[in-house]
Amino acid sequence: MYKTLSSSVNWAQGLPEGGTTTLVCGDIEADGGVLVPHFVQSGLQEASENNVVLVSLTQTMSHYMHIMRKMGVNLAKQRGFQFVNALTLKNVDYSDLPAATRPHFTVTEWSGFFRWLCDSQPPGCTLIIDGLCSLLDQGFGCDFVSGIVDTCQRIIEDKAIKSNGAARLVIMLFLDDFTEPLVRSLIRRSHYFFNFEGLSSGSSTEVAGQLTVVPGHLYCHIQAQSSGKFKPVLLHYRVSDTTVEFFSPGQSRMVL
């Protein structure tokens, strides 16, 4: 799954280069979150000693377990998977939840999360932040959110050096008029920008929307280590219960 998409952006193992930041945006018509399973699964397959850290500001652990189970991945049995709850930003008693659905860490203040990420996670680490724009809804400003991203980038860049390129940052965002200033700011801090959009003609059972992939402003920093020259990509896609299919406009679908 997702192999054709990965080859379109020259990601040999389904993951971007070490030390990079990938920005994934969607809107009310096209949810960029369909790529979360791809990054989780690819990160878990990279190496047994590496971790995937999923920080969610929108969903619980049970939500991601349900999605990944449809793809044949049992997150409860993945020792390299770490779920971070940033939904409430306060201490919550999870003792009544089954052990498999409890978060490995709860964000009550971000400095504590940064220490945990630095000290408790191995150098090989794929960090995924899902729903970062939710902080704007909670009243935090763009500068505060950008500061979180800057700190995560510094930590991931350091881990990438220590792990020979096995660490990267992926950020999932909702794009609308309210969040656009933040998204524009983060594009200048990213190496790859994925943008999911609905079609002007509307969605159908055959095509849910389109994905545009372009280099972020920092891509020039990694051109030398990229496996091939990266060109902007435009794909249509379709979401089914267990797969996401991407295909060139006007061509037959290919399961990725």
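Predicted model: local features only at pLDDT ≥ 70, side-chain atom pairs only at ≥ 80, totals over all residues.
pLDDT is the predictor's confidence in each residue, from 0 to 100. The protein chain averages a pLDDT of 89, and 94% of the residues score at least 70. Within the protein chain, confidence is highest in β5, at 98, and lowest in strand β11 (residues 254–255), where the mean is 46.

**The chain as a whole**

Let us step back and look at the overall build. The protein chain holds seven helices and eleven strands. Its radius of gyration is 17 Å, close to the 18 Å that the globule rule gives for 256 residues, so the chain is as compact as a globular protein of that length. Along the principal axes, the C-alpha trace spans about 50 × 40 × 40 Å. Of the 256 residues in the protein chain, 53% are buried. Among contacts with a separation of 6 or more, 70% join residues 24 or more positions apart. The accessible surface of the protein chain is about 11,900 Å², and carbon and sulfur atoms account for 49% of that.

**A closer look at helix α6**

Helix α6 covers residues 142–162, which is 21 residues, and reaches 30 Å from its first C-alpha to its last, close to the 30 Å expected at 1.5 Å a residue. Which residues of α6 are buried? They are V145, S146, I148, V149, T151, C152, Q153, I155, I156, K159 and A160. These buried residues pack against several elements, including the strands β1 (21–26), β5 (125–130) and β6 (167–174). Their other partners include α4 (110–120), α5 (134–137) and α7 (180–187). After α6 comes N164, whose phi is positive, near 60°.

**Aromatic rings**

The count of aromatic pairs comes to 15. One of them joins W11 and Y192 edge-to-face, with 5.1 Å centre to centre and 90° between the planes. This pair links distant parts of the chain: W11 sits in the loop between α1 (3–8) and β1, while Y192 belongs to strand β7 (residues 192–197), 181 residues away. Another pair is F113 and F114, whose ring centres are 5.9 Å apart with the planes at 55°, so the pair is tilted.

| Residue | Relative accessible area | State |
|---|---|---|
| W11 | 4% | buried |
| Y192 | 0% | buried |
| F113 | 0% | buried |
| F114 | 14% | buried |

Finally, which aromatic cluster includes W11 and Y192? Together with F39, F194 and Y219, W11 and Y192 form one aromatic cluster.

Note on methods
Residues numbered from 1 in each chain as written. Heavy atoms only, no water. Helix = DSSP H or I, 4+ residues; strand = E, 2+ residues; numbered from the N terminus. Expected span 1.5 Å × (residues − 1). Buried < 20%, exposed > 50% of the residue type's maximum accessible area, 1.4 Å probe, protein only. Contact = heavy atoms within 4.5 Å. Rg over C-alpha atoms; globule rule 2.2 N^0.38 Å. Areas by Shrake-Rupley, 256 points an atom, 1.4 Å probe, with all protein chains shown as cover. Phe/Tyr/Trp six-rings, centres within 6.5 Å; stacked < 30°, edge-to-face > 60°.
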